[in-house]
Amino acid sequence: MIFNRLQATQKPGGGRGGAASTPVEVAQIVHGPMEWRQTFSGTLESPSKLIVAPKISGRIVKLNVDLGDRVDRGEVVAGLDDDEYVQAVNLARADLEVAKANLVEAKSALDIAARKLKRMEQLRERNVASESEFDAAQAEHLGKLAHVDVSKAQLARAEAALETARIRLGYTQVAANWADGGNHRVVGDRYVDEGETVSANDPLISVVQLDPIVAVIFVTEKDYVHLKPGRPASLTTDAYPEERFEARIYRISPVFRQTTRQAKVELKVDNPEQRLKPGMFIRATVVLDRVENTAIVPEQALTKRNDRDGVFVVNPDGRSVSWREVSVGIREGGRVQVDGQDLSGRVVTLGQQLVDDGSKITIPEDKDEGPSAPGEALGK
């Protein structure tokens, strides 16, 4: 190993006060943005699933859609046998006509009674008609007036009965209606066939929304505190292994499940081509934190002195190193965010166990290309 070779070339007393220098490998400190990403397993779900069911019982005479078919908002997806309901409408319409005729008759009788009452008033004024005859005419007028009111109520009742019959007839045409989301959805399941008799509220089909679609993941307390709605994420799935789908955190549950001690997190994913389907297994990579400009070193450059994290920075002369205590931040892909003073130039990545603050070092000539390689990798 390279480290064993470095130890073999180390002279007694070198690197910790001796005159000899210690051979080391180095890498460039780079500055730039860095993200803390975490990957979670999860499942795709439809943000909205509608079960289409009839409001009345009956025999299915027509099923207009099947699995995978597109459904528009308000589209009729099934038809029930409507003979009985058509007859109910006809009967209600006939009752309405009778009620209208009764009202016309009642109004005519009221007009006759009103004229009779007026004549009685004139005759009484001339002392030709008695009080009893006038009272009888007045009572008859009031009775006809009440009969008109009753006829009007019967007409209103007949109109309501006709409207009810029409509504129930409309129930034989089962439509898919939903309140929010887009105007188009897809049939996810079919539960019946044509010719079957169903009861009220028996499911016929399910209609699901596919764009956007929701990715559901579960996170522990450690990661939960770093999540916020709107944070970016990306998804991969076995169906499209070479593609990444952009997503954002949509909703975060405020409750942890007692059995798993995890909280549910939903991510919204645009799915205009509807290639992603509910039930697919996904891996969601979420950005938990991001810094715009920070010092970045290879992870192997970190070392400890007196239980403190730090790195050995190559001095400008290129022949000695200085110890720099650092605080460690984001770790990703062999790179580490570090924060400390005078973090520029190069750091020791191999051999730091053999040196101390101020130790002399040698960067082997045959490794001149080595330091630049890790630095170039960091810059990518």
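Arg261 is found in the loop between strand S14 (240-256) and strand S15 (263-269). Helices (H or I, at least four residues) and strands (E, at least two) are DSSP runs, numbered from the N terminus. The model is predicted: local features need pLDDT of at least 70, side-chain atom pairs count only at pLDDT 80 or more, and totals for chains, interfaces and linings use all residues. Residues are numbered from 1 along each chain as its sequence is written, and side-chain values use heavy atoms, with hydrogens and water left out.

Phi of Arg261 is near 55 degrees, a positive value in a residue other than glycine. Most residues other than glycine have a negative phi, and most peptide bonds are trans. Arg261 counts as exposed, at 52% relative accessibility. Here buried means under 20% relative accessible area, exposed over 50%, and partly exposed in between (1.4 Å probe, protein chains only). Asn201 likewise is not a glycine and has a positive phi, of about 75 degrees. Asn201 sits in the loop between strand S10 (197-198) and S11. Its relative accessible area is 61%, so Asn201 is exposed.

The peptide bond from Asp211 to Pro212 is cis, with omega near 0 degrees. Pro212 is found in the loop between strand S11 (205-208) and strand S12 (213-219). Pro212 also lines the largest pocket, together with Pro47, Ser48, Asp180, Gly181, Gln209, Val214, Tyr250, Arg251 and Lys268. On a 1 Å grid over the protein atoms alone, a pocket is an open set of points where a 1.4 Å probe fits, with protein on both sides within 12 Å along at least five of seven lines; lining residues have an atom within 4 Å of a point. The largest pocket holds about 160 Å³ of space. Grid points are joined across faces, edges and corners, and the volume is the space filled by probe spheres set on the points. Its lining divides into four nonpolar, three polar and three charged residues. Ala, Val, Leu, Ile, Met, Phe, Trp, Tyr, Cys and Pro count as nonpolar, Asp, Glu, Lys and Arg as charged, and the others, Gly among them, as polar.

Four strands form an open sheet in the order S4-S11-S9-S6, with antiparallel pairing. Strand S4 (49-52) and strand S6 (70-72) each have a single partner strand, so one side of each is left without a neighbour in the sheet. Two strands pair if DSSP finds at least two bridges between them. Three bridges join S6 to strand S9 (residues 184-190). Asp72 has His184 in S9 as its bridge partner.

Another open sheet of four antiparallel strands has the order S8-S7-S5-S10. Strand S8 (173-176) and S10 stand at its edges. Strand S5 (residues 58-63) pairs with S10 over two bridges. Gly58 is bridged to Val198 in S10.

The structure holds 17 salt bridges (a side-chain nitrogen of Lys or Arg within 4 Å of a carboxyl oxygen of Asp or Glu). Glu97 and Lys100 form one, with the closest N and O atoms 4.0 Å apart. Both lie in helix H2, three residues apart, about one turn of the helix. Lys264 forms a salt bridge with Glu266 at 3.8 Å between the closest N and O atoms. Glu266 is buried, with a relative accessible area of 14%, whereas Lys264 counts as partly exposed at 27%. Glu292 and Arg290 meet in a salt bridge of 2.8 Å, N to O. Glu35, Arg37, Arg290, Glu292 and Glu332 are linked in a network of salt bridges.
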